[in-house]
Amino acid sequence: MAYRCQSCYERGHNKRTCPRITERAQRSFESRLADCKAEGRPLEEDHNLNYYAEQVGERTGVNPLTGAKHKK
């Protein structure tokens, strides 16, 4: 019997490895990054951007802001 994701209800993966959640986190990060650059704010001071970067880092293994690898 295959796994069923509790987020998207598709078979073959679980919530931790759900590609839809990863895509959503990546889109949120890119959107926030574009907003910061458009407004001229320093990237280090935006707490929401850092949060989204951590989320993407946890799901992909690499933090997009720092390039640091995320340990699981």
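Reader: Why is Tyr9 called exposed?

Author: Tyr9 has a relative accessible area of 56%. Exposed means over 50%, buried under 20%, and partly exposed in between, with a 1.4 Å probe and protein chains only; Tyr9 is therefore exposed. The model is a predicted one, in which local features need pLDDT of at least 70 and side-chain atom pairs count only at pLDDT 80 or more, while totals for chains, interfaces and linings use all residues. Residues are numbered from 1 along each chain as its sequence is written, and side-chain values use heavy atoms, with hydrogens and water left out.

Reader: Where is Tyr9, and what is its phi?

Author: Tyr9 is in the segment before α1 (19-39). Helices here are DSSP runs of H or I with at least four residues, numbered from the N terminus. The phi of Tyr9 is positive, near 65°, in a residue other than glycine. Most residues other than glycine have a negative phi.

Reader: What makes His13 count as buried?

Author: His13, also in the segment before α1, has 11% relative accessibility, and therefore counts as buried. Leaving out residues up to four places away in sequence, His13 touches Tyr3, Arg4, Cys5, Cys8, Cys18 and Pro19. Contact means heavy atoms within 4.5 Å.

Reader: How do you know that the length of α1 agrees with its number of residues?

Author: The expected span is 1.5 Å times one less than the number of residues. For the 21 residues of α1 this gives 30 Å, and the end C-alpha atoms are 30 Å apart, so the two agree. After α1 comes Gly40, with a positive phi near 75°.

Reader: Which residues of α1 are buried, and why are they placed on the same side?

Author: Ile21, Ala25, Phe29, Leu33 and Cys36 are the buried residues of α1. They cover an arc of only 105° around the axis, and therefore lie on the same side of α1. The arc is taken from the directions from the helix axis to the C-beta atoms. An α-helix has 3.6 residues a turn, so residues three or four places apart point the same way. Arg27 and Ala38, on the other side of α1, are exposed. The cover over the buried residues of α1 includes α2 (47-60).

Reader: How do you know that the buried residues of α2 line one face?

Author: Leu49, Ala53, Val56 and Gly57 are buried in α2. Down the axis of α2, these fall within an arc of 100°, so they line one face of the helix. What covers them includes α1.

Reader: What makes up the largest nonpolar core?

Author: Its 7 residues are Ala25, Phe29, Leu33, Cys36, Leu49, Ala53 and Val56. A nonpolar core is a set of buried Ala, Val, Leu, Ile, Met, Phe, Trp, Tyr and Cys residues joined through side-chain atoms within 4.5 Å. Leu33 touches Leu43 and Leu49, not counting residues up to four places away in sequence.

Reader: Which residues lie nearest the centre of the largest pocket?

Author: Of the 13 residues lining the largest pocket, Arg16, Thr22, Gln55, Glu58 and Arg59 lie nearest its centre. A pocket is an open set of points on a 1 Å grid over the protein atoms alone, where a 1.4 Å probe fits, with protein on both sides within 12 Å along at least five of seven lines; lining residues have an atom within 4 Å of a point. The largest share of this lining, 5 residues, comes from α2.

Technical notes:
Helices (H or I, at least four residues) and strands (E, at least two) are DSSP runs, numbered from the N terminus.
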